[in-house]
Amino acid sequence: MQEKQENILPKNLKRFYGIINVGFSFIVMFEGYFFSAFLTDYLLLPYAIVGTILIITSIFDALSGIFNGYIIYRVNLKWGKYRSWFLLGAFAILFFHTFKYASIGGIWLSTILIVLGSAVSSFFATIGQVANLSMLVTLTEDNRIRGQLASRRSQFATVSNILFSLLIFSIIAFFGRMVGDETLGFTLTAFFISAVAAFTFIIAYITTANTEHLHEHQMEDHLTIVQMLKVITKNPPLLTMMLADLMISIGNFLGMALAFYYYTYAIKMPFLLSAHMTISAVAQLAGASLSPLISKWIKEPKHRYITFFSFEVVVLVTASFFSTNPYVVLTMFAFFFLAIGAAMPTNSVLYANTAVYTRWKSGDNIGSFVMGMTEIPIKLGLLFRGILIAFALSALGIVAGQEVSAETANEISKLFVLAPAIGAFLAGIIVKFFYTLDENKIKELRQEIWDRDNTPTPFY
């Protein structure tokens, strides 16, 4: 087997691997908590147009998620196979992301620019994230080191969530006061987030310098996209993880979008949204920090995954009985996000193992394409979120600035708490019964791959 590579990884790479998650998380958090609220409560768009925007932008997200891995796999730019996307992404996000939260001209011009800004910025943000994640497969074959890098990546993501939750309301208020217009202040906030994301992409580009030679042992085969999709369909563990992640994404994205309406309309305590975001982010960081310790207690990644999501279901179902009490809800969500943070490194390892399975099963080395498939459940989750949130807001009859009935408030509360719980429950069931790879199996597959790749071809 190949010698461990921990000592040859550049120090800056080990120190800053995953820094891109800071900017990416800012973008995702801003969209998850505020995009639908911006459309309904700032731009005051009709629900029909809000639903159309959410669905169209989600479709673009889903399509980009499908092809991002293939693009990374097929395209080699002069700044590096993976690093090029950090550099290009920085400039694309800086320019286009702001349009997603801008009111320019009339309703239809604003709608077109919102969709355009969302499509372009989402494509480059996601492809940068996929390139970063793909490096986890190619930099080393040692699962222990992969786990360490994945933990650092998760820690960056959760630290950024804390910073976002602590600062975002002050930033929105600051820009709003500066220009005397709440909507324009929101647009300037989006530009600030774009600048932060671009900065982290540049840092990722700099700190991954001189790493291309580390990918040489993982040079990927050149297959057509049809051939690769056939390979993917013959990878049951990957399909299992994608389906499980889809359930998680739908539930969590719905919960994020409904948080604004829960605290603003259901319990009439909008100031607690900031507390919810901060507590959740801190808990997620604590979970990510505890993940290496938990992995020593529960060594099998699959078992850790199921344990984490079972815990999530228990705490949110408990919260559902007290959904009109915001302080109980905040406490239960703290435990929920503790488990989310702890599960993130395990999720990355389970996906990385499916790339090993693909190479063993078909002999094709398409790790970056396989890891790119991790974004598809997220993008499809956003698509379903767009459809479901538009339907929910319309069905609940929420009108910007107007109070809702006690019955509607109760329905918002239940949906806010139970949507993530249902997603976690379905994900745990899917992985338990259909994910078949364990650590011993992966060691066997790696050994067979190594034996096959290093067996001399006989001459006749």
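# Notebook: salt bridges, rings and surface patches

I started with two side chains, Glu-31 and Arg-385, and found both buried. I note at the outset that this is a predicted model.

**Entry 1. Salt bridges**

What do the side chains of Glu-31 and Arg-385 form? They meet in a salt bridge, at 3.3 Å from N to O. I then looked up where the partners sit. Glu-31 belongs to helix α2, while Arg-385 belongs to helix α14 (residues 375–396), so this pair ties together parts 354 residues apart in sequence.

I asked how many salt bridges the structure holds. The count is 2. The other entry on my list is Lys-100 with Glu-31, where the closest N and O atoms are 3.0 Å apart. This pair also links distant parts of the chain: Lys-100 is in the loop between α4 and α5, Glu-31 is in helix α2, and 69 residues separate them.

Is Lys-100 buried or exposed? Lys-100 is buried, since its relative accessible area is 3% and the cut-off for buried is under 20%. Glu-31 has 10% relative accessibility and therefore counts as buried. I wrote down the general point as well: side chains of opposite charge can pair when their charged atoms come close.

Back to the Glu-31 and Arg-385 bridge, at 3.3 Å. Through shared partners, salt bridges join Glu-31, Lys-100 and Arg-385 into one network.

**Entry 2. Aromatic pairs**

Next I turned to the rings. The count comes to 29 aromatic pairs. I took Phe-26 and Phe-164 from these: their ring centres are 5.6 Å apart and their planes stand at 75°, so the pair is edge-to-face. The label follows because planes over 60 degrees apart count as edge-to-face. Phe-26 is in helix α2 (residues 20–42) and Phe-164 in helix α6 (residues 143–179), so the pair ties together parts 138 residues apart in sequence. Phe-26 and Phe-164 are both buried.

Which parts does the pair tie together? Phe-35 is in helix α2 and Tyr-101 is in the loop between α4 (83–96) and α5 (107–138), so the parts joined are 66 residues apart in sequence. Phe-35 is buried, at a relative accessible area of 1%. Tyr-101 is buried at 0%.

Which residues form one aromatic cluster? I listed Phe-26, Phe-30, Phe-34, Phe-35, Phe-38, Tyr-42, Tyr-101, Phe-164, Phe-169 and Phe-186.

**Entry 3. Surface patches**

Then I moved to the surface. A nonpolar patch there consists of Ile-422, Phe-425, Leu-426, Ile-429, Phe-433 and Phe-434. Together they have about 600 Å² of accessible area. I checked one of them, Leu-426, and placed it in helix α15 (residues 406–434). Leu-426 has a relative accessible area of 33%, so I logged it as partly exposed.

Which residues form the negative surface patch? They are Asp-438, Glu-444, Glu-448 and Asp-451. Asp-451 is in helix α16 (residues 439–453). Its relative accessibility is 34%, so Asp-451 counts as partly exposed.

**Entry 4. Recap**

One is the network of Glu-31, Lys-100 and Arg-385. Another is the aromatic cluster, with Phe-26 and Tyr-101 among its members.

Notes. Residues numbered from 1 in each chain as written. Predicted model: local features only at pLDDT ≥ 70, side-chain atom pairs only at ≥ 80, totals over all residues. Heavy atoms only, no water. Patch = residues over 30% accessible without salt bridge, like charges linked within 9 Å, V, L, I, M, F, W, Y side chains within 5 Å. Areas by Shrake-Rupley, 256 points an atom, 1.4 Å probe, with all protein chains shown as cover. Salt bridge = Lys/Arg side-chain N within 4 Å of Asp/Glu carboxyl O. Lys, Arg positive; Asp, Glu negative; His and termini not counted. Charge placed at Lys NZ, Arg CZ, Asp CG, Glu CD. Helix = DSSP H or I, 4+ residues; strand = E, 2+ residues; numbered from the N terminus. Buried < 20%, exposed > 50% of the residue type's maximum accessible area, 1.4 Å probe, protein only. Phe/Tyr/Trp six-rings, centres within 6.5 Å; stacked < 30°, edge-to-face > 60°.
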